[in-house]
Each structure stands twice: as structure tokens, then as C-alpha cells.
Amino acid sequence: MIINVVITLSCATVGAVMAKKMKLPLPFFLGSILGAACYNLITGSAYLWPEIKTFVQIISGAFLGGRFTKNDIRDIKKNMLPILLLLSMFTLNTLLCGGLVHFLASTDYLTGFFGCIPGGLSEITIQASYTNADLVAVTMMQLCRQIFSLIVLPSFLLRKYKKNEYINKDESLGNKSDNRSFVITLLIASIAGYVGKASGLAAGTLLFSMIAVMLYNFKTEKAYIPMLFKEGCKIFTGAIIGCSITWLALKNIVNFIVPIIIILTSYTLLMTVYSKICVKMNWMDSITSKFAAIPAGVSDMALIASELNVDLSRIAVIQVMRLLYVSAIMPMLVQWLASIL
């Protein structure tokens, strides 16, 4: 058993390193999936301890919670209406697209809903692994949405709005701290995460660790999780997913081609409609609102958008609220809804 765990993690790590050297998108995640999947397809022996899922959720919650400061709360109040509109649109889009995936791919509602949640790839897939959802299908839909959101949509916007080019050196997403702050943050997140796990709530581990670290950061502004840990969690998550990839699962991929096209189209339309509403209501300019509505990483969107003359702080606040909502609240919502359908 231990040997299988070591080999699985080794294959996932090698895959991640190779993907990084090959400059593939989302290298730590995609590479670790491929590495662990290859081992599982060849031997059928890929395995990881269940506790690794808990660890990944604790780190993810701590990373999300550590992004919030008192200044962010003030910014949230200023942007409450556009935030509520975007979260409502994301919720409606997830439910509609999830229902379409259910009918078109002949899968269960839970798989369809989880595949359409516009959250972090690691956070959503690791939470889906605790349910009866088809993890391979969820990962495939989430991965396509993430790549599309990170590469296709930003590239299109950069080409369209390049005439407004302006380098905005905003360092607000950076975080420098010491080992003591990291240990305290990890300890707080771990205790809260295990309390959340014991509560039996869906996503309780992530939700409790996130709230605990958020409160700690409000008081001290010293919450800190090294980026190395987040990248490591991507490898763990990729390995967990790779363990679930079998030959039978791969044969079923063709059933999700049309649903994936529908998902990508829906988020493109959502971004466009949201931007038009924001401009009409004088909440934001067109390019700022579009970058705020792209369902990708907070720091990724801020870094890409920094090449244009946009309101980076507003993009960051809206993106963080989107990520918190879809990572902590929506999984519970879709599980409840799937249980009554």
C-alpha cells in the first residue's frame, strides 16, 4: 500500500515537472494528472491515502482566507451590486448548463453541476471527489473551462483592447511573510479544517479553514501560505484525479464533447452580458467588467489585466468573492439540489 502511494506521487511529480518544462498550460495540475493516470492505466495500482484530500482542502481554505483583509471588506461594500449580479449569473449558468450536461451526456445531475461550477480547478475537483460525481468527467469539463478562461478569453480581450495599453505595476496580490506566520496560519487552518470535517457539512473542511484564517488575517494581516504549498496541492489533486482514470472512463469522454462546447459558449456569453449591464449601470468600464467576469484564477486575471488600463483592485475583489462563493457555497448548493432532483 505504501509503495503504491509513493509510486503514485512520484509519477504525478515527474509528470508535473515534465509539463512545466514543456510549458503546457496548468503544468502542475495537468502534468500530475497525466503522470498518475499513466501509472494507473498501466498497472491499475495507483492509490493515495484519503487524508491527502483533507490536507489539500485545508491548504486551499487557508490560501483563500489569507487573501482577505479589512480593506477588501470596504471594497466589497463599494462593489456589492456588481458582485451580487455576477454571483447570481454564475449560479443560474451553473444550474442551466449542469442540467444540459445531464441530458446531453446521460450523466447524473451532480456530475453536471460540479462540471459547470466556475471555481478553482483544485478546489472543485477535490470536493467532487467526496461525492458520487464522475470525477473524470468533472475534471475534464473543469480543465477545459479553466484553459479556455486562462488562455482564449484573455488573449481575445488583450488583442481587442490593446490600443489602451498601459503597464500598471500593482503588487497588491503579492504576499511576503516569515516562517512563524506560516506555521501559525497552518495550525489555525488545520484545527478549523478538522472541526469542519467533523461537522459533516459539505465542503466543511475548506469552509471552516477559510473562515478561521480570514478572521486571523483581519486581526493581524499576517496570514501566509507559501506558493510552494499551493503548487504542491495541485500535484496532490492531480494525483487524486489520475487515480480515478481508467480505460472505461476514457471511453466515455466522447459523450462530453458537445456539453463542453456549451459550457465554454455559456461563459463567453455571460461575460459579454455582464459587461454590458455594468457599463449601462455605470458600475465599471467594459474591459474591467469583462476581466472581473472571467472564471479563472484571481492572480492570473490580475496579472494578465495589468497589461491594460483597468481597475485592478476592483477586478481582484470581485474575483476573490467569486472564488470564495463558488468554492465554499456552490458545492453545498448543487449537492442539495441534486439530491432532490
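Biologist: How much space lies in the second largest pocket?

Modeller: In this predicted model, the second largest pocket holds about 260 Å³ of space. Its lining is made up of 16 residues, and the closest to the pocket's centre are I33, T139, M140, L143 and I245. Two or more lining residues come from each of the elements α2 (27–43) and α8 (135–161).

Biologist: What kinds of residues form the lining of the second largest pocket, nonpolar, polar or charged?

Modeller: The lining residues of this pocket divide into 15 nonpolar, one polar and no charged.

Biologist: Why is α7 called roughly antiparallel to α8?

Modeller: The axes of helix α7 (residues 121–128) and α8 come within 10 Å and cross at roughly 170°. Angles over 145 degrees count as roughly antiparallel, and therefore α7 is described as roughly antiparallel to α8. On the α7 side the contact is made by L121, I124, T125 and A128, while α8 brings L135, V138, T139, Q142, L143 and Q146. Six residues of this contact are nonpolar, four are polar and none is charged.

Biologist: How do you know that E231 forms a salt bridge with K234?

Modeller: The rule asks for a side-chain nitrogen of Lys or Arg within 4 Å of a carboxyl oxygen of Asp or Glu. For E231 and K234 the closest N and O atoms are 3.6 Å apart, so the pair counts as a salt bridge. By this rule the count comes to one salt bridge.

Biologist: Where do E231 and K234 lie?

Modeller: Both E231 and K234 belong to helix α11 (residues 227–243), where they are three residues apart, about one turn of the helix.

Conventions. Residues are numbered from 1 along each chain as its sequence is written. This is a predicted model: local features need pLDDT of at least 70, side-chain atom pairs count only at pLDDT 80 or more; totals for chains, interfaces and linings use all residues. Side-chain values use heavy atoms; hydrogens and water are left out. On a 1 Å grid over the protein atoms alone, a cavity is a set of points where a 1.4 Å probe fits but cannot get out, and a pocket is an open set with protein on both sides within 12 Å along at least five of seven lines; lining residues have an atom within 4 Å of a point. Grid points are joined across faces, edges and corners, and a volume is the space filled by probe spheres set on the points. Helices (H or I, at least four residues) and strands (E, at least two) are DSSP runs, numbered from the N terminus. Ala, Val, Leu, Ile, Met, Phe, Trp, Tyr, Cys and Pro count as nonpolar, Asp, Glu, Lys and Arg as charged, and the others, Gly among them, as polar. Axes are lines fitted to C-alpha atoms, for helices over the stretch in contact, and angles run from 0 to 180 degrees between N-to-C directions. Angles under 35 degrees count as roughly parallel, over 145 as roughly antiparallel, 65 to 115 as roughly perpendicular and the rest as oblique. Contact means heavy atoms within 4.5 Å.
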